[in-house]
Amino acid sequence: AHIYCLVRAPSNDASRVRLEEALQRYYLEESCDLTRVTTLAGDCSSPFFSLSEGQYNRLAEQVSVIYH
């Protein structure tokens, strides 16, 4: 399965860095296959999670489960 991870950050690149830093902080980087993870900069309290409407709609078509 592929995982999309919404991360509060100013850009998608920064969201990836933030996720990697969190995995390192909790010693989880070895147990996570980051090739299966796409990070997206966003905010779950904003409309469309701060994504464009197009991005949001594409995710809605692809994602079957959401964990918060």
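Trainee: In which strand is Val 37 placed?

Mentor: Val 37 lies in strand β2, residues 37-41; strands (E, at least two residues) and helices (H or I, at least four) are DSSP runs numbered from the N terminus. This is a predicted model, in which local features need pLDDT of at least 70 and side-chain atom pairs count only at pLDDT 80 or more, while totals for chains, interfaces and linings use all residues. Residues are numbered from 1 along each chain as its sequence is written, and side-chain values use heavy atoms, with hydrogens and water left out.

Trainee: Is Val 37 buried or exposed?

Mentor: Val 37 has a relative accessible area of 9%, so it counts as buried (buried is under 20%, exposed over 50%, partly exposed in between, with a 1.4 Å probe and protein chains only).

Trainee: And which residues is Val 37 in contact with, leaving aside neighbours within four places in sequence?

Mentor: Those contacts of Val 37 are His 2, Ile 3, Cys 5, Arg 16, Leu 19 and Cys 32, where contact means heavy atoms within 4.5 Å.

Trainee: What about Ser 15; where is its place?

Mentor: Ser 15 belongs to helix α1, residues 12-25. Its relative accessible area is 0%, so Ser 15 is buried. Not counting residues up to four places away in sequence, Ser 15 touches Val 7, Ala 9, Thr 39, Leu 40 and Ala 41.

Trainee: Changing topic: how many disulfides does the count come to?

Mentor: The count is zero, a disulfide being a pair of cysteine sulfur atoms within 2.5 Å. For Cys 5, the nearest cysteine sulfur is that of Cys 32, 8.9 Å away. For Cys 44, the nearest is that of Cys 5, at 11 Å.

Trainee: Why do Cys 5 and Cys 44 count as partly exposed?

Mentor: Cys 5 is partly exposed because its relative accessible area is 22%. Cys 44 is partly exposed because its value is 41%.

Trainee: How many aromatic pairs does a search of the whole structure find?

Mentor: The search finds two. Rings of Phe, Tyr and Trp (its six-membered ring) pair if their centres lie within 6.5 Å; planes under 30 degrees apart are stacked, over 60 edge-to-face, and the rest tilted. The ring centres of Phe 48 and Tyr 56 are 4.9 Å apart with planes at 70 degrees, so this pair is edge-to-face. Phe 49 and Tyr 56 make a tilted pair, 5.8 Å centre to centre and 50 degrees between the planes.

Trainee: Which residues form the aromatic cluster?

Mentor: Phe 48, Phe 49 and Tyr 56 form one cluster. Phe 48 is partly exposed at 35% relative accessibility, Tyr 56 is partly exposed at 29%, and Phe 49 is partly exposed at 29%.

Trainee: Last topic: how much space lies in the largest pocket?

Mentor: The largest pocket holds about 730 Å³. On a 1 Å grid over the protein atoms alone, a pocket is an open set of points where a 1.4 Å probe fits, with protein on both sides within 12 Å along at least five of seven lines; lining residues have an atom within 4 Å of a point. Of the 24 lining residues, the closest to the centre are Tyr 4, Leu 6, Val 65, Ile 66 and Tyr 67.

Trainee: Which element gives the most to that lining?

Mentor: β1 does, with five residues.

Key: Points joined across faces, edges and corners; volume = space filled by probe spheres on them.
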